[in-house]
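Open the structure in your viewer and follow along. Each stop says what to select and what is there.

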Amino acid sequence: MKMTFRWYGENSDAVTLKQIKQIPGMSGVMGFLDYKAAGEVWTKEEIAAYIAQVHAAGLECEVIESVNVHEDIKMGLPTRDGYIANYIETIRNLAEYGVKVIVYNFMPVFDWLRTDLARVIPEDGSNSLYFDEAELQGMTPLEIVRRTAEDSQGFTLPGWEPERLALLETTLKQYEAIDAEQLRANWKYFLDAIIPVCEECGVVMACHPDDPAWPIFGLPRIAHSQADFDKMVALHDSPCNTVCLCTGSLGSDPANDIPAIIRHFGEMGRIGCLHVRNIKHLGYHRFREASHLSSDGSLDMYAIMKAVHDTCPNTYIRPDHGRMIWDEKGRPGYGLYDRALGATYLNGLWEAICRNED
């Protein structure tokens with residue numbers, strides 16, 4: 001298992017590589033060029049510059065996150081082939097610089113959604129990302145976009161790129177004619193084009209689940225359960241077609257048994273990497289991010305790490321969304337302190353599990 005940390009780059013992240021390197025057990029980063037719009041080619045020059053920085057800090061960069069899929073691909077528009085060609089060029093460029101896993105998603109319009117980016121936790125006064133479907137009642141998609149932008153602390157947010165959301169009304173209208181089966185057919189078209197290239201280059205594609213794990217604003221969403229990902233795996237049967245198993249995204253639905261889902265896809269060899277975090281269920285379609293400690297949330301983190309150990313022990317893991325603690329100011333969900341605590345906690349669980357196996 002390799003413990004990693006998400007890093008947006010020196011011009012877009014309040015957390016530095018020096019700080020990441022000082023977290024015990026940290027092997028590298030899950031990288032991200034957040035200024036790249038969906039559909040753009042990630043050039044060799046900018047990839048080389050980013051990875052050189054990471055290596056200079058004594059860290060690896062073998063996983064790249066959020067090479068976003070252009071909406072035209074998801075909608076199956078005639079322009080999709082050009083964007084797929086760009087995606088293939090990006091895969092080849094990333095592979096040339098040692099990237100082994102590319103994380104993406106196939107969520108229409110909204111990559112993730114919260115109704116509050118800094119909900120105060122009464123028990124300790126920290127704050128965290130929060131979702132309550134009841135708060136969406138009466139709100140339009142444009143209103144939630146405006147609120148999210150206002151609460152982002154001035155940072156960019158993955159999945160909320162302004163140039164893409166500027167066309168929100170038009171895009172939502174286009175999706176009215178697309179149901180889940182059509183979206184899945186469009187996904188297959190994409191996978192059939194890129195997976196042979198991944199096999200050639202030695203790169204694994206890892207699809208992130210819908211977040212939260214149910215439909216939003218009537219949009220089709222087809223990646224939030226074990227059954228959904230079984231269908232995804234069947235779209236193009238290849239070891240390069242895998243899941244980025246995000247415990248918090250899938251865990252937002254209490255019906256999802258996260259350790260069992262890890263074991264299912266781990267035994268199949270279809271987990272490309274994991275985002276491991278805890279959440280606290282507060283009611284129907286209502287939850288908040290919690291510390292990684294099992295007792296602070298609703299997920300059994302020991303059982304999750306044991307399932308990883310038993311079925312996919314050589315995978316990449318990163319602590320996912322953290323709370324804002326100790327008066328830290330930063331990108332919502334991506335501060336330093338709570339994620340560093342999370343990494344240390346997960347590494348502690350891992351050491352205990354390994355020792356119990358001896």
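Start with the surface. The protein exposes about 14,000 Å², and carbon and sulfur atoms supply 52% of that area. Keep in mind that this is a predicted model.

Switch to cartoon view. You will find 14 helices and 12 strands. The radius of gyration is 19 Å, close to the 21 Å that the globule rule gives for 358 residues, so the protein is as compact as a globular protein of that length. Show the C-alpha trace next: along its principal axes it spans about 50 × 50 × 40 Å.

Now go inside. Of the 358 residues, 60% count as buried. In soluble globular proteins, nonpolar side chains tend to be buried together.

Which residues touch the most other members of the largest nonpolar core? Select Tyr-87, Tyr-104, Trp-187, Phe-190, Ile-194 and Ile-262. This core holds 95 residues. Its largest share, eight residues, comes from helix 9, residues 180–201.

Zoom in on Ile-194. Leave aside its neighbours within four places in sequence. Ile-194 is then in contact with Ile-84, Tyr-87, Ile-88, Ile-91 and Met-205.

For the last stop, select Val-101, Ala-206, Cys-244 and Tyr-316. They are among the eight residues of another core, which lies apart from the largest one.

Terms used: Residues are numbered from 1 along each chain as its sequence is written. This is a predicted model: local features need pLDDT of at least 70, side-chain atom pairs count only at pLDDT 80 or more; totals for chains, interfaces and linings use all residues. Side-chain values use heavy atoms; hydrogens and water are left out. Helices (H or I, at least four residues) and strands (E, at least two) are DSSP runs, numbered from the N terminus. The radius of gyration is taken over C-alpha atoms; the globule rule is 2.2 Å times the number of residues to the power 0.38. Buried means under 20% relative accessible area, exposed over 50%, partly exposed in between (1.4 Å probe, protein chains only). Accessible areas come from the Shrake-Rupley method with a 1.4 Å probe; for residues, only the protein chains shown count as cover. A nonpolar core is a set of buried Ala, Val, Leu, Ile, Met, Phe, Trp, Tyr and Cys residues joined through side-chain atoms within 4.5 Å. Contact means heavy atoms within 4.5 Å.
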